Amino acid sequence: MDLKGFDRPGRPAAQGTRSVKVMIAGGFGTGKTTMVRSVSDIKPLTTEETLTQASAGVDHLIGVTDKAQTTVSLDFGKISINDSLMLYLFGTPGQERFWFLWNGLFKGALGAVVLVDTRRLASSFRAIEEMERQNVPFVVALNMFPDSREHPVEEIRDALDIPPHTPVVVCDARDRASSRDVLVALIRHLRERSAVALEPR
């Protein structure tokens, strides 16, 4: 597949369309639902519920005390990267009490984006470990919040113990173009690993 086509969504396909399942993972409050909403070509399906007092002591709100809702199952959206490649996006729940859902969500996924809040690096350790355990290729996206401090990418890579071959990019999950760039980075990474997996069928 021609990589240049990833940057030109209207580029005609030579042989049909390939559909790819992609996970949007990360810790609690890292911006998974926001990314799916911002980049999806369709109105996304979300399963957000309001946080109540009953979740106090269960959901750790350190660093995200203004968060009012949380994903309890999954988020779903889709985006056409070009005429020959469609991505189906599945956002995972971030709280530890919903991690049992991850195994089912990851079935059939070709790759993943792990969103990281640089203010709370520890919140994404589990997601990165899960990618490695499930042997799912992934990119790490550093989601920049309004009060995020800028850190050198290599400093974050070292702190999270991210392998050298895994791309680390900076993004704003609220911005469609920025979120799309993250997905393009993932597709480039997948193509480098296995061009056959992305060929139209």
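Modeller: A charge sits over a ring if NZ of Lys or CZ of Arg is within 6 Å of the ring centre and within 35 degrees of the ring normal. The model discussed here is predicted.

Biologist: What makes the charged end of R119 one that sits over the ring of F145?

Modeller: The charged end of R119 is 4.2 Å from the centre of the F145 ring, and the limit is 6 Å. The charged end of K21 likewise sits over a ring, that of F90, at 4.7 Å from its centre.

Biologist: Why is F90 called buried?

Modeller: Its relative accessibility is 19%, and buried means under 20%; F90 therefore counts as buried. F90 belongs to strand β5, residues 85-91, and its contacts beyond four places in sequence include K21, V22 and D75.

Biologist: Why does Y88 count as partly exposed?

Modeller: Y88 has 27% relative accessibility, a value in the range between 20% and 50%, so Y88 is partly exposed.

Biologist: How do you know that the rings of F76 and Y88 are stacked?

Modeller: Rings pair if their centres lie within 6.5 Å, and planes under 30 degrees apart count as stacked. The centres of F76 and Y88 are 6.1 Å apart and the planes stand at 15 degrees, so this pair is stacked. Because F76 lies in strand β4 and Y88 in strand β5, the pair ties together parts 12 residues apart in sequence. Ring pairs join F76, Y88 and F90 in a cluster.

Biologist: What makes helix α1 mostly covered?

Modeller: Of its 8 residues, 6 are buried, among them M35 and V36.

Conventions:
Residues are numbered from 1 along each chain as its sequence is written. This is a predicted model: local features need pLDDT of at least 70, side-chain atom pairs count only at pLDDT 80 or more; totals for chains, interfaces and linings use all residues. Side-chain values use heavy atoms; hydrogens and water are left out. Buried means under 20% relative accessible area, exposed over 50%, partly exposed in between (1.4 Å probe, protein chains only). Helices (H or I, at least four residues) and strands (E, at least two) are DSSP runs, numbered from the N terminus. Contact means heavy atoms within 4.5 Å. Rings of Phe, Tyr and Trp (its six-membered ring) pair if their centres lie within 6.5 Å; planes under 30 degrees apart count as stacked, over 60 as edge-to-face and the rest as tilted.
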